[in-house]
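Hi,

Here is the structure I promised to pass on. Have a look at it first, then read my notes below.

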Amino acid sequence: MTIFLKFALSGGCLPRRTCYIMSKSSYFTRGRSKTSDKVTNSEIKAEIDVNKSAHVGLKRLNAFASKRKHVKIEYESHKNTTVKQEAVKDETKSYNREVQVKREKWEPPKWRNQLSNIYQMRSKRNAPVDTMGCDVISDTRASPEVFRYQVLLSLMLSSQTKDQVTSAAMAKLRQHGCNIDNILGTSDDKLGQLIYPVGFWRRKVEYIKRTSEILKTQYEKDIPGSVQDLCKLPGVGPKMAHLVMKCAWNVMSGIGVDTHVHRITNRLHWFKKPTKQPEQTRIALEEWLPREHWHEINHLLVGFGQQTCLPVGPKCHQCLNQNICPSAARSNVKQKGKVKIEHESLKEESALSPEEDVDLRDIKCEVDTSCTEDEHLSSIEETVRSRSSRGRHVVIKQEPDDV
């Protein structure tokens, strides 16, 4: 058999690898082991050639296999996709950072000095809001549910009403029994007598009754704990809702913006563009004002608006911001705490004419939610001109407005 393999190898009728395997097998070479154990030189050379060819074949197979490992389209595409996604995420993060930096960059140029001066002017805390605010006139000794209910009612009554009138109305309600059961058991006429003379008292009687019924049936005689649910109550808007969350729940959900905050922040030019509605003022103010000032900004500016920065005739000559307030010069030229309207008449009529003090409370103006400050002032000026047309000296005495 060994001779057959030699001839087959030399003749090329069988592959070398096959001959090599057959030569190593005991089935084909058992005859040689019996006859002779000697191996000739030709056999050694044949085995060497077979080993060389087998080694070359293995090299080629390994090289081919190694190439196939690297040529994997799915792996490469997945890797590229992952890299692209990471690059997009990085670009998005950097863009968000740039946008955030741009938003944080803008702020009123002198707001810190202006706010510091307002803190200094309000250091005595002797404004009406300090002693007659919604959290002060509510019964802190009552149960938490009743206290929160009274805070809500006091804010509902304070709309278009001076703090003094709101405080007197709440005192009468507390003496009558200011809880949900008593209010629902009180007739509309009696409730109107208790809250009179708050602004729009007839409408507020309806709001209070409907709100109390909702709180009893839906909230287990407590008030809602979110701004969205509070705004669903009759007669409650965003300003009231944020103040209720702060005073009743001790949660800072947003800045409560009333007429004072709306007026003063626009006078100080604390926005890129002037705002027309209190809700626009709240959104614009929350964009740049640091959150640590949110808790006190309403209380601070309301008292400042009641004492110094009045809606009509602001006392700019007493304000520490008169040199850094953009509206101070214009207001200061027009009036300093008092509006003096003089009418020149004939010498014989104007000679020795006494001054007439006109209180703004004597001048009636139908003010509703749609009436702007300019319209209100124009109606007052028309009334004053009609009185001054008689040739008398007219001086208007002003009192600070409330929330």
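A quick term before we start: a residue is buried if its relative accessible area is under 20%, exposed if that area is over 50%, and partly exposed in between, using a 1.4 Å probe and protein chains only. By that rule, 38% of the 403 residues of the protein chain are buried.

Please keep in mind that this is a predicted model, where local features need pLDDT of at least 70 and side-chain atom pairs count only at pLDDT 80 or more, while totals for chains, interfaces and linings use all residues. Residues are numbered from 1 along each chain as its sequence is written, and side-chain values use heavy atoms, with hydrogens and water left out.

On to the fold. The protein chain has 20 helices and three strands; these are DSSP runs numbered from the N terminus, with helices being H or I of at least four residues and strands E of at least two. Contact here means heavy atoms within 4.5 Å. Of the contacts with a separation of 6 or more, 65% are between residues 24 or more positions apart.

V244 sits in helix α14 (residues 238-247) and is buried, at 0% relative accessibility. Beyond its neighbours within four places in sequence, V244 is in contact with L152, L155, I223, L230 and W249. One of these, L155, is 89 residues away along the chain, yet its C-alpha atom is 7.9 Å from that of V244.

Now the cysteines. A disulfide is a covalent bond between the sulfur atoms of two cysteines; the search looks for a pair of cysteine sulfur atoms within 2.5 Å. It finds zero in the whole structure. For C325, the nearest cysteine sulfur belongs to C316 and is 6.4 Å away. C325 is buried, with a relative accessible area of 18%, and C178 is buried too, at 4%.

Finally, which residues are closest to the centre of the largest cavity? A cavity is a set of points on a 1 Å grid over the protein atoms alone where a 1.4 Å probe fits but cannot get out, and lining residues have an atom within 4 Å of a point. The largest cavity has a volume of about 140 Å³; a volume is the space filled by probe spheres set on the points, which are joined across faces, edges and corners. Of its 16 lining residues, F304, C309, C316, C319 and C325 are closest to the centre. Helices α15 (259-267) and α18 (328-334) each supply at least two lining residues.

Cheers

Key. On a 1 Å grid over the protein atoms alone, a cavity is a set of points where a 1.4 Å probe fits but cannot get out, and a pocket is an open set with protein on both sides within 12 Å along at least five of seven lines; lining residues have an atom within 4 Å of a point.
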